[in-house]
Amino acid sequence: MTVLVFNELRKSYGETVALRGVSFEVRAGEVFGFLGPNGAGKTTLIRILMDIIRADSGSITLFGEPHRREHLDRMGYLPEERGLYTKQPVLRILTYFGTLRGLDRAEARRRGREWLERMGLEEVASWRVERLSKGMSQKVQIAATLLSDPDLCILDEPFSGLDPINVRLVEELILERRGRGKTTILSTHQMSQVEQLCDRVALIHRGSLKVYGEVGEVRKRYSLPEVRVVAEGDLPPVTGIQKVEYEGDSTWRLLLEDGTEPRDILAALVRAGARLERFERVLAPMEDIFVRVVQEAAS
Amino acid sequence: MTRWRKVRAVAAFEMLCTVRSKSWLITTFGMPVFVGLYAGVVSIPIYLETRQARQVAVYGVVDEAGVLGLDDEVAVRPIEIPPEIRSAVEAAGQAEALDRQIAWFRNFVFRPFSTEERARAALADGAIRGYYRLAADYVATGVVESYSPETRTLGGSETRRALDRLLVERLVRGKVADDLAARVSEPISESRDWLITKTGEVKRTEGAARAVRVLVPIGFAVLLVMSILMSAGGLIQTTAIEKENKVVEVLLSSANPDEILIGKLVGQGVAGALQMGVWVGMAAIAGVGFTGALSAMGVEPPWLGMAAVVLFFPLAYLFFGSLMLGTGSLGSNQTEAAQWGMAWALLAAVPMILLEQLLHAPHGAAARILTWIPFASPTVVVLRLTVDPSGIAWWEVAGSLVVLIAGIWFTIRLSARLFRVGIMLTGARPKLSEILRQARLR
C-alpha cells in the first residue's frame, strides 16, 4: 500500500530551479532512503511535503488522499536545520511539540516522560536545554519527532552528533517502527546506514530523480557481474569467467563474462570439486552508486 | 483555515514561557516595589522639609508706617480651601493630611518691634528668622524691606504670601464694612464654572472635572503606547529566539503561519494583560479613594471612555502586534527586528504628538479623520469619548471599530505571509521586492 505519492513536482526560486518534475512513491511500513548531494532539492521537496512552501506545479497524495494540512498531524519531521528552545525545560518542550501534533496536554506530557525514559534521559526532564550535551539534545529532538507516534516520519540526518551506542539506539527505533507498520523516510549521507536500514531509495540530483527502487535491486543495477568466493585450497578453472582476482585469505573475486549468471558459476565450481565455504554476488556499495550518479550527471 | 487547537497550543506555550521568565517576574512584581522605594527615597527630603516647616517660624515686623497696628505677636490665619476640593480630599480619606498641610500656614508668626535696632538684636540672638520693615511712606510707595541672616532669605513665597494676607487684612480693617473687608481679603471664595454645548445647553462643570477630562485621555494614550511598546518587545524577542534556536521549521510543519502568529499574539497579549492587571491592581489598592474623590468633586468617572479602552486596547494590540510580528520576523537579528517594531510604535504615538490639538478640538477635522485610521483610531476614539462623549456619533464609534477589525484581519493575513517568508530567512536580508514576491507566492 502506498502512503505517499509525489507526482511531477516542480519548484523554482527565481531563476534557480530546485525541482524539475520529481515523481516517486513511498510505501506503507517501509524505511525509505531519500538521498542526494547538498543542494539537490531534498529539503525543498520535504518542505513542500510538510506544507512549509508550495510547489509551483505537481501534486502530492498522502494516505490515499490529496495532500491536506490536516495530514500533518499524522506525520513527524526532524529537519536538518534544527534546534530546541534553549531556555526551556526539556519536558515542557516535548509537551509543546506533542500538543502541536494534536495530542492533549496531559497525554503529551505522559508520552514525553515515556520517551525520555526510552532514550535514557529521564533525569533531564526538568533541565533547561542549554544544559544538555549535543548528543542529548539530538536524542530529545528525535523523541519530540516520534512522540506522537506518526504514521509517516521524515528524519533528516538523524544520526549526526550521536555516538555509536546512540546510533544503534536510533537504528533500533527506526526498525521497531517498521515492525509496527509505520513508515519512515530517512535522509542521510551515511550510505552504510541506507544499506542497513532502507527498503527502497530515491536519489535526486539537481532537482531530478536519478535513482529509484529497492536497495538490493539498485545495487544490482549498478554492480559489475562479479562474485566473491571463499574456498579451501585452489579454485578450479571453470568457463564463463572473464577475470580472477585473489584478494587473500582464501578469497577470490571473479568477474563474469557477459550473459553468465552467478548460479551457473556456482554450479560449475561445485561440479569441478571446489570446496566452497562462501559464495556471494558482489554488489556495488550505495556510496559508490551515489558518487557515480552524481559524477555522471556532472559530466 | 485556522485551527484553534493549534493556536491555543502556541498561545499557552508563549504565555507560560513568558510569565515564568525571570525578566517578566522581575518587571511585573519588581516595578511596583521599585516605584514604591523610589517614592520613599524621594519623599524623605520632603518629609524633613515639612517637619522643619511645621516648627513655629517667627518673623519680626518694624511697622514705621503704623498700618498693622500690632500690639503683640500675631499668627496668620490658615488659607481657605475651596469647598469642593476639601470634600474631595475628605472622600479620598486624606483629610488629616490636608489639615497637616494647612497647619503649616498657621506657623507664621509676626512679632512687632518698635525699632529696627531691637529687631536686629533679636535676629542676632536667633529669636526671629528675619524681619520686615515697613517704612513711614509704605502706603504711598508699597515698599517693604526684608532683613535676613546671610544663611537664610526671606524671599520665600509662603512667607511673603503670609505677610500679604496680614497686610490686606489690616489695611482695610475698620475702614470699610466687615463683609467688604472679608471680600477684599479673599476676593474669590468659590468658583462656579459652566459649559455651553453646541446645542446651547448650559451645563455645570468644575475645574477638577475639566482636569480629569484632560488627564484621563492623556493617561490612556500613554498607557496604549507603553503597552504596545512592551508587548512588541516580547513578540519580537520570541520570534528572534525561534530563529536563533532553529525551531522554526518544526513549528511551521506543525502549524501554519496564521496559527503561529495568532497564537503568539494571544499568548503574549495574555501575558501583557496579566502584567497590566497586576500593576493596575496594585495601583488600585494604593489609590482606592480615587473614585470616591471624583464623585465628591461632582465628577462622573469617564465610564464611556473606560469601556472604550476595554474594547479598543486589545484590538489596538492585535493590530500593532501583528504588524510588528510580521515585519519583525524579517530582521536577521534582534536589533533589526526592533527597528521594525519602533517604526510601528512611532505611528501608534501620532495621536500623542497631536494631543494638544485633539484636546482643544476633540471633534475637529483632525480628530474626525483620525477616527477612521486604524493606526490612530484606538487612542482618538477613547479621547473623544472621554473629553466630550456628546460630540461623537455612535456610527463614528461603530465605523471606526469595523475599520479597525478589518485592518486587523488584513494585517494578520499580510503579517502571516511576511512571517512565513521572514521566519525562514537566515543570513543576508533579501531585497524588499524579493520578500514581497515570495510572500505573494507563499
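**View 1. Pairing of strands E11 and E14 in chain A.** In this predicted model, strand E11 (residues 226-232) of chain A runs antiparallel to E14(A), and six bridges join the two. Strands (E, at least two residues) and helices (H or I, at least four) are DSSP runs, numbered from the N terminus; two strands pair if DSSP finds at least two bridges between them. Val230(A) has Arg278(A) of E14(A) as its bridge partner. Residues are numbered from 1 along each chain as its sequence is written, and chains are lettered from A and ligands numbered from 1 in the order in which they are written. Because the model is predicted, local features need pLDDT of at least 70, side-chain atom pairs count only at pLDDT 80 or more, and totals for chains, interfaces and linings use all residues.

**View 2. The four-stranded sheet of chain A.** The open sheet has the order E12-E13-E11-E14 (chain A) with antiparallel pairing. Its edge strands, each pairing on one side only, are E12 (241-248) and E14 (275-281) of chain A.

**View 3. Helices H13 and H14 of chain B.** The axes of H13 (residues 303-328) and H14 (residues 334-348) of chain B come within 8 Å and cross at roughly 155 degrees. Axes are lines fitted to C-alpha atoms, for helices over the stretch in contact, and angles run from 0 to 180 degrees between N-to-C directions. H13(B) and H14(B) are therefore roughly antiparallel, a term for angles over 145 degrees.

How values were computed. Angles under 35 degrees count as roughly parallel, over 145 as roughly antiparallel, 65 to 115 as roughly perpendicular and the rest as oblique.
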